[in-house]
Amino acid sequence: MARKPATHERIAVLGLGRFGGSLALELTFQGWEVIGIDADPRPVQAHADALAHTAVADTTDEEALRQLGVHELTNVVVGIGTDIQASIMTASLLTDLGVPHILAKALSPQHATILRRVGAHHVVLPEQEMGERMAHLVTGQILNFIQFDEDYVLAKTVAPEAVIGRTLADMELRNIYGVTVMSIKRPGERFTHTTAATTVYGGDMLIVAGDPRSVQTFCTLP
């Protein structure tokens, strides 16, 4: 059950397609008061019962956004799908309205560049990022994968055979593999922070940090 949102936890999601709609529902589940807006009445109607507020409106119309109170919000998501022009115009308008945090969905790196130039503070490329994520998971050695920057990722993996029975200090992972084991989970237990004296045993689950290539190399050790 979603927790009751605090008064500042209000957010508008502009565009209720597959990306925007899913994000709006997840934010609602997490306790946010979500205002869902789309120019198409069909997705608005589909989400009317689940979201706190919904409206049919042109997100490139400044007066429409003002009437809906979007200019008063701290966080706004531009989740518009295939209409790149509307996406860019909406992000630019939100910038002019002084919205402090604008998150926008991009369809391509070029689209992402333009969104940043018109003022979007954070831009995501869901299809590209999912493709990269799947590429790392496809080997089966990496169970989960989170990329924070081009050169820094976290990966969840079962301890490779090559490190079993050794302490982290003995392995010199940072010097040899360029990675750091941040946490460890014994079978049937919870994740705990590691120390230099931590010994890795068979079946242990590890959270490994480092650049993508180094993490991939470590996780696929025989």
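## Strands S7 and S8

Strand S7 and strand S8 (residues 152–158) run antiparallel and are joined by six bridges. One of the residues involved is Gln 147, whose bridge partner in S8 is Val 153. Strands here are DSSP runs (E, at least two residues), as are helices (H or I, at least four), and both are numbered from the N terminus.

This is a predicted model, in which local features need pLDDT of at least 70 and side-chain atom pairs count only at pLDDT 80 or more, while totals for chains, interfaces and linings use all residues. Residues are numbered from 1 along each chain as its sequence is written, and side-chain values use heavy atoms, without hydrogens and water.

## The sheet

S7 and S8 belong to an open sheet of five strands with antiparallel pairing, in the order S7-S8-S11-S9-S10. Two strands pair if DSSP finds at least two bridges between them. Strand S7 (142–149) and strand S10 (191–193) each have a single partner strand, so one side of each has no neighbour in the sheet.

## The aromatic pair

The whole structure holds one aromatic pair. Tyr 177 and Phe 218 form this pair, edge-to-face, at 5.8 Å centre to centre and 65 degrees between the planes. Rings of Phe, Tyr and Trp (its six-membered ring) pair if their centres lie within 6.5 Å; planes under 30 degrees apart count as stacked, over 60 as edge-to-face and the rest as tilted.

Phe 218 is buried, at 0% relative accessible area, and Tyr 177 is partly exposed, at 25%. Buried means under 20%, exposed over 50%, and partly exposed in between (1.4 Å probe, protein chains only).
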